[in-house]
Amino acid sequence: MSVLRAMMRESLRGLNLALYLHRVAEAHRPTDRVPGLTIKGSSLDVVLGELSALASITQTTVTFDDGYKDAADYVDTRAPRFSSLRFLFNVCPQKAEQRAGFRWDLHEHLRGTGGHAPDNVDQFLWENADVANENAREELKGLADREPFRLATVDEVKALARHSNVSLGNHSNCHFPLCRLNDEDLQRELESSKRDFERHFGPMRHFAFPFGFPGVHFGRREITLLRNLGAERIWSTKESPYASQWQTPGAVLPRVQLLGTWSVKHMLLWITQRATVYRFRRARRVEHGDFPL
Ligand SMILES: [Zn+2]
């Protein structure tokens, strides 16, 4: 552990690190198709303790996407404990307000209750995408209030912002892969989610792309629109730390994902590996313009 700690310190020195997380629970759900997206709070505490110890040489932001209640509870209790770290809670504002769950949770619910859950999950997450009516669908309604799929309410999300080291971000209203929407639907989705976000939570400074992999789930068109809407930080799921100079207005920034199926050592090694690769590649890179996605 002491060797790993030393390696992590050297690799992260002077860099910014954003972690990319979803849900927090001590036990995995037996019906969960992607158990890596749920992390144990006790494991994450150890990782954040290690990163807190590096606060003088690296700035860490702990980001959670999708707005689950278990993640909100974690942020609420840990923001004061890890006061040298920043937290960012990215929420789908219309889902929080209308209590409409996610399609992947509907799929898990159908499987768990003997309903018809199609084998092709990717298609299930995307088919018949209708940005105007997605969150009014009967099957999704109320799912956000049902265990184990509970999303934080608007008031619970708002309450997080009382911590000085917690920010809130927009994660779109419908959580569709934005690249696959036509121009009109994309504009509607981004504008309406910004409007809904700001009605509840104040100015939209942060936006986190749904799914978020560059070239697969978003591209230039999406970045340009978000910059025109005034987003100051746009978060992807490209896995890397980044130097401070990439934090320009409207910057698209990378985040390092930690999987809940890993041990704590595996998580710390992964952060170290990503930081080492970043340093190695940076030697051959001219740093200006956008972060190389
Ligand atoms: Zn998401």
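A: The model is predicted. The helix in question, α9, covers residues 220–228, in a protein that has 10 helices and 11 strands. The radius of gyration is 19 Å, close to the 19 Å that the globule rule gives for 293 residues, so the protein is as compact as a globular protein of that length. Its C-alpha trace spans about 50 × 40 × 40 Å along the principal axes. Of the 293 residues, 41% count as buried. Among contacts with a separation of 6 or more, 76% are between residues 24 or more positions apart.

Within α9, the buried residues are Glu-222, Ile-223 and Leu-226. These residues lie on the same side of α9, because the arc they cover around the axis is only 100°. The face turned away from that buried side carries Arg-220, Thr-224 and Asn-228, which are exposed.

Two packed helices are described by the angle between their axes and the distance between the axes. Helix α8 is made of residues 183–201, and its axis comes within 11 Å of that of α9, the two crossing at roughly 35°. The crossing of α8 past α9 is right-handed. On the α8 side the contact is made by Leu-186, Gln-187 and Leu-190, and on the α9 side by Glu-222, Leu-225 and Leu-226. Of these contact residues, 4 are nonpolar, 1 is polar and 1 is charged.

Next come the stretches on either side of α9. The helix is followed by Gly-230, which has a positive phi near 95°. In the loop between β7 and α9 lies Phe-211. Phe-211 is not a glycine, yet its phi is positive, about 65°. Phe-211 has 16 other C-beta atoms within 10 Å and is therefore partly exposed.

The loop between α5 and α6 holds Ala-117, which is partly exposed, with 16 other C-beta atoms within 10 Å. Ala-117 is 11 residues from Leu-106 in sequence, and the C-alpha atoms of the two are 8.6 Å apart. Leaving aside neighbours within four places in sequence, Ala-117 is in contact with His-107, Leu-110 and Arg-111.

Two other loops have backbone features to note. Arg-99, in the loop between α4 (93–98) and α5, is a residue other than glycine with a positive phi, near 60°. Arg-99 is partly exposed, with 18 other C-beta atoms within 10 Å. Between α6 and α7 (154–160), the loop contains Pro-148, which is joined to Glu-147 by a cis peptide bond with omega of about 5°.

Conventions: Residues numbered from 1 in each chain as written. Predicted model: local features only at pLDDT ≥ 70, side-chain atom pairs only at ≥ 80, totals over all residues. Axes fitted to C-alpha atoms, helices over the stretch in contact; angles between N-to-C directions. Helix = DSSP H or I, 4+ residues; strand = E, 2+ residues; numbered from the N terminus. Left-handed = near helix turned anticlockwise from the far one by under 90°. Contact = placed C-beta atoms within 7 Å. Nonpolar A, V, L, I, M, F, W, Y, C, P; charged D, E, K, R; others polar. Rg over C-alpha atoms; globule rule 2.2 N^0.38 Å. Buried ≥ 20, exposed ≤ 12 C-beta atoms within 10 Å, placed from the backbone. Arc of directions from axis to C-beta.
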